Amino acid sequence: MSKILFVINPISGDIDKEELMEDLKAFCRQNNLTVEYFKTTGVDDEEKLKKKLVSYKPEIACAVGGDGTVSLTAKSIINSDVALSIIPMGSGNGLSKDLGIPQNFDEALQLLVDHKKMAIDTLDVNGHLSIHICDMGFNALVVKRFCGGETRGPGAYAWIAMQEFMAYEPKKYTIRTDGKTIFDGEAFMITVTNARAFGSNAAINPTGVINDGNFEICVLEPFPKASSLGILYRLYTDTIDDSVYTHRFSCSSASIINHAEEVSQIDGEPEDLGKTISFRAQPQNLHVLLPPQAV
C-alpha cells in the first residue's frame with residue numbers, strides 16, 4: 001500500500017477543484033491508497049509543507065498544479081527517499097513534458113499505481129534549487145512579464161514574447177568553468193539546464209540527459225530579426241545546434257557573470273540572482289515517478 005500526499009494548488013489550471021478532489025478520492029479508494037491533502041495558500045507554503053511531510057511521512061508527494069507547485073514539492077523532498085509524482089495542470093508543465101509524463105489528468109494519475117521510479121539531477125543556482133530550466137536574457141524577461149500579468153496560458157506567453165522581441169537588446173555575459181573562460185560576449189539569452197526543452201516544447205538542449213551528472217549551458221547569440229523564424233523552426237525540430245548563432249557547453253559546475261544584471265528565472269519564477277551566478281550539478285538527488293515504459 002502506497003502512502004501519498006497530494007500537494008494541490010487551488011488556483012492553477014482551468015478546472016473545478018472540487019470535482020478534482022472527488023476524482024482523486026475515488027481513484028485512491030479504488031486502488032487502496034492511503035492519502036492526505038495539502039493545499040497551497042501562497043503564505044509560508046514551503047515551511048508548512050515540510051512540516052506536513054515530517055508528520056505524515058509519505059512515500060510519494062504528488063504535485064497537482066503547474067511548474068510552481070512542482071518546484072515547491074520538489075524543494076520539500078529533495079535529498080530524501082520520497083518520490084515526486086506530477087499531475088500537470090499549469091501553463092507550461094515543463095518538467096513533466098521533459099520526463100514523458102502524460103499531460104492527461106487520468107493518465108498522469110494512473111502513474112501513482114503503475115510507474116517506474118528514477119532519480120534525476122537537479123541544479124544549485126546561487127543557493128536556489130532548479131529542477132528544470134534556469135535562464136537569463138530574453139526568455140527570463142518574458143517569464144517576468146507573464147508572471148506579473150493577469151492572463152495565463154500559452155497564448156498569453158506568446159503574445160508577451162512578440163511584444164518584447166522587437167525592442168529587446170542583447171546583454172553581455174561571461175561564462176567560466178574549470179578555471180577557463182568559455183564565452184565572453186553578448187547573448188540574446190543563456191539557458192542552463194540538464195533537461196531538453198521549455199514547457200512550450202522548444203528544445204533548447206536536444207541531447208540533454210537529465211541524470212548524467214552534468215548540465216548544459218546553451219548560448220543564443222544576437223541574430224538578425226530576419227533569422228528569427230529559422231531559429232524557431234530549429235527549436236521545434238531538435239536542430240538548434242545547427243544554427244550558427246548557438247553554442248552549448250556541458251559541465252558539472254560553472255559561473256556566469258551577468259554584467260547588466262539582466263533578469264533571470266528559475267523554473268518559471270523570476271529571480272534576482274545578482275551579477276555573478278554559480279551553478280553546480282546535484283547528481284540524482286530527486287526521485288520521480290515515470291511511465292513504466294520510460295527509458
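Predicted model: local features only at pLDDT ≥ 70, side-chain atom pairs only at ≥ 80, totals over all residues.
Confidence first. The chain averages a pLDDT of 91. Of its residues, 95% score at least 70. Which elements sit at the two ends of that scale? Strand β13 has the highest mean pLDDT, at 98. Helix α7, residues 154–165, has the lowest, at 80. Keep both in mind. We will come back to each.

Now the inside. The largest nonpolar core has 49 residues. Six of them touch the most other members: Phe6, Leu24, Leu84, Ile87, Leu95 and Leu112. Take Leu112. Leaving out residues up to four places away in sequence, Leu112 touches Ile4, Phe6, Phe27, Ile60, Cys62, Ser85 and Leu289. A separate core has 44 residues. Its members include Ala187, Leu235, Leu273 and Ile277.

Hold on to Leu235, please. Leu235 is one of three buried residues in helix α8, residues 228–235. Where do they point? Look down the axis of α8: the buried residues fall within an arc of 60 degrees, so they line one face of the helix. Turn to the face away from that buried side, and you find the exposed residues Leu229 and Tyr233.

On to charges. How many salt bridges does the structure hold? There are 10.

Start with Arg280 and Asp124. Their side chains meet at 3.8 Å, N to O. This pair links distant parts of the chain, 156 residues apart. Arg280 comes from strand β16, residues 276–290. Asp124 comes from strand β5, residues 116–125. How accessible are the two partners? Arg280 has a relative accessible area of 44%, so it is partly exposed. Asp124 is at 19%, and buried means under 20%, so it counts as buried.

Next, Lys172 and Asp184. That salt bridge is 3.9 Å, N to O. Lys172 lies in strand β8 and Asp184 in strand β9, residues 180–187, so the pair ties together parts that are 12 residues apart in sequence. Lys172 is partly exposed, at 39% relative accessible area. Asp184 is partly exposed too, at 48%.

Then Glu262 and Lys171. Here the side chains meet at 3.7 Å, N to O. Glu262 lies in the loop between β13 and β14, and Lys171 lies in strand β8, residues 171–177, so this bridge ties together parts that are 91 residues apart in sequence. Lys171 is partly exposed, at 22% relative accessibility.

Let's stay with Glu262. Is it buried or exposed? Its relative accessible area is 14%, so Glu262 is buried. Its loop runs between β13, residues 253–258, and β14, residues 264–266. Besides the salt bridge to Lys171, the side chain of Glu262 makes a polar contact with the side chain of Tyr168, at 2.7 Å. What else does Glu262 touch? Not counting residues up to four places away in sequence, the list is Gly137, Tyr168, Lys171 and Tyr173.

Glu261 is partly exposed, at 49% relative accessible area. Its backbone deserves a look. Glu261 has a positive phi of about 50 degrees, although it is not a glycine. Why flag that? Because most residues other than glycine have a negative phi.

There is another such case, Asn32. Asn32 has a positive phi of about 55 degrees, and it is not a glycine either. Asn32 lies in the loop between α1, residues 17–30, and β2, residues 34–39. Asn32 is exposed, with a relative accessible area of 52%.

Last stop, back to helix α7. This is the element with the lowest mean pLDDT. Gly155 is found there. Gly155 is exposed, at 52% relative accessible area. What separates it from Ser91? The C-alpha atoms of Gly155 and Ser91 are 9.5 Å apart. Along the chain, the two residues are 64 residues apart.

So, to recap. The model has one core of 49 residues and another of 44. Glu262 is buried, bridges to Lys171 and contacts Tyr168. Glu261 and Asn32 carry positive phi values. That's the tour.

Technical notes:
Residues numbered from 1 in each chain as written. Heavy atoms only, no water. Helix = DSSP H or I, 4+ residues; strand = E, 2+ residues; numbered from the N terminus. Buried < 20%, exposed > 50% of the residue type's maximum accessible area, 1.4 Å probe, protein only. Polar contact = N/O pair within 3.5 Å; in protein donor to acceptor, adjacent residues only side chain to side chain. Contact = heavy atoms within 4.5 Å. Core = buried A, V, L, I, M, F, W, Y, C linked by side-chain atoms within 4.5 Å. pLDDT = per-residue confidence, 0-100. Salt bridge = Lys/Arg side-chain N within 4 Å of Asp/Glu carboxyl O. Arc of directions from axis to C-beta.
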